Amino acid sequence: MDAKTGIFYVFAAILLFSAFRVITARNPVHAALFLVLAFFQAAAVWILLKAEFLAITLVLVYVGAVMVLFLFVVMMLDINLDSIRKGFWKHFPLAGAAGTIIALEMSYVLMGGFREPPQSASTVSAVGDIATQVSNTKELGKLLYSGYIYPLEVAAVILLVGMIAAIAMTLRERKDSKRTNPADQVRVKAADRIKLVKMESVLTAPVAVEEKKA
């Protein structure tokens with residue numbers, strides 16, 4: 001076993017452990033952090049397979065955006081764990097059956113891939129030489145910005161419209177919302193905020209009406 005294979009087994013073991021902890025951790029924040037660790041290990045495996053673009057995309061999109069959003073939502077919401085665990089054993093048979101079916105399907109697909117006929121040494125060396133000479137990111141960029149340039153532009157316009165719509169929804173005026181204008185705050189003067197009133201230092205106490213009658 002070479003060093004690359006040993007590193008792969010290390011990353012795979014950490015990936016399996018973190019994935020197992022995602023579904024067994026009692027704290028949702030800990031489960032989300034273990035999922036982040038699983039994404040990092042999967043990205044490392046992608047790098048070992050010379051798919052650096054997929055690894056970088058996995059880290060930037062899922063770890064840098066999606067999981068950060070999940071963490072904010074989980075930490076801001078007051079989740080009652082006792083109410084969540086009440087229906088666990090009620091839905092366990094259906095969930096267990098679905099999980100068993102998925103595990104069998106994945107095992108069938110993986111074992112089918114492992115049973116492929118072995119390639120000759122010349123074919124393996126030729127494929128290895130081509131993989132070392134071609135950059136996945138460069139070839140993907142050429143294909144994306146040449147053959148798929150119009151779908152890319154349409155997707156970019158849709159994302160831009162969604163961003164503008166989200167910003168516009170937050171800026172709409174509501175009757176019950178209170179906000180200040182930063183420009184007015186910058187232009188304000190001390191005389192507009194503080195008003196000095198002249199008052200006598202000593203004031204005589206007013207005489208009660210009952211005392212006068214007495």
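This is a predicted model: local features need pLDDT of at least 70, side-chain atom pairs count only at pLDDT 80 or more; totals for chains, interfaces and linings use all residues.
Ser-18 lies in helix H1, which spans residues 3-24. Its relative accessibility is 0%, so Ser-18 counts as buried, the limit being under 20%. Beyond the residues up to four places away in sequence, Ser-18 touches Phe-34, Leu-37 and Ala-38.

Gln-41 belongs to helix H2, residues 28-48. With a relative accessibility of 10%, Gln-41 is also classed as buried. Setting aside residues up to four places away in sequence, the contacts of Gln-41 are Phe-11, Ile-14 and Leu-15.

## The largest nonpolar core

The largest nonpolar core has 10 residues in all: Ala-32, Val-36, Phe-39, Ala-42, Ala-43, Ala-55, Leu-58, Val-63, Met-67 and Leu-71. Helices H2 and H3 are the elements that give two or more residues to this core.

Phe-39, one of the core residues, has a relative accessibility of 17% and therefore counts as buried, since the limit is under 20%. Apart from neighbours within four places in sequence, Phe-39 is in contact with Leu-58, Tyr-62, Val-63 and Met-67. Among these contacts, Leu-58, Val-63 and Met-67 are listed in the core.

## Aromatic pairs

A pair of aromatic rings is described by the distance of the centres and the angle of the planes. The count for this model comes to three aromatic pairs. One of them, Phe-17 with Phe-34, is edge-to-face, with 6.2 Å centre to centre and 85 degrees between the planes. This pair links distant parts of the chain, as Phe-17 is in helix H1 and Phe-34 in helix H2, 17 residues apart. Phe-17 is partly exposed, at 47% relative accessibility.

Phe-39 and Tyr-62 form another aromatic pair, which is tilted: the centres are 5.4 Å apart and the planes are at 45 degrees. Because Phe-39 lies in helix H2 and Tyr-62 in helix H3, the pair ties together parts that are 23 residues apart in sequence. The two partners fall into separate accessibility classes: Phe-39 is buried at 17%, whereas Tyr-62 is partly exposed at 41%.

## Nonpolar surface patch

Trp-46, Leu-49, Phe-53, Leu-54 and Leu-140 make a nonpolar surface patch of about 450 Å². Leu-54, one of these residues, is found in helix H3, which covers residues 52-76. Leu-54 has a relative accessible area of 42%, so this residue is classed as partly exposed.

Side chains of opposite charge can pair when their charged atoms come close. The model has one salt bridge by the count used here. The side chains of Asp-184 and Arg-187 meet in this bridge, at 2.9 Å from N to O. The cut-off is within 4 Å, so the distance of 2.9 Å qualifies.

Asp-184 counts as partly exposed, with 42% relative accessibility, while Arg-187 is exposed, with a relative accessible area of 58%.

Key: Residues are numbered from 1 along each chain as its sequence is written. Side-chain values use heavy atoms; hydrogens and water are left out. Helices (H or I, at least four residues) and strands (E, at least two) are DSSP runs, numbered from the N terminus. Buried means under 20% relative accessible area, exposed over 50%, partly exposed in between (1.4 Å probe, protein chains only). Contact means heavy atoms within 4.5 Å. Patches are made of residues with over 30% relative accessible area and no salt bridge: like charges are joined within 9 Å, nonpolar side chains (Val, Leu, Ile, Met, Phe, Trp, Tyr) within 5 Å. Accessible areas come from the Shrake-Rupley method with a 1.4 Å probe; for residues, only the protein chains shown count as cover. A nonpolar core is a set of buried Ala, Val, Leu, Ile, Met, Phe, Trp, Tyr and Cys residues joined through side-chain atoms within 4.5 Å. Rings of Phe, Tyr and Trp (its six-membered ring) pair if their centres lie within 6.5 Å; planes under 30 degrees apart count as stacked, over 60 as edge-to-face and the rest as tilted.
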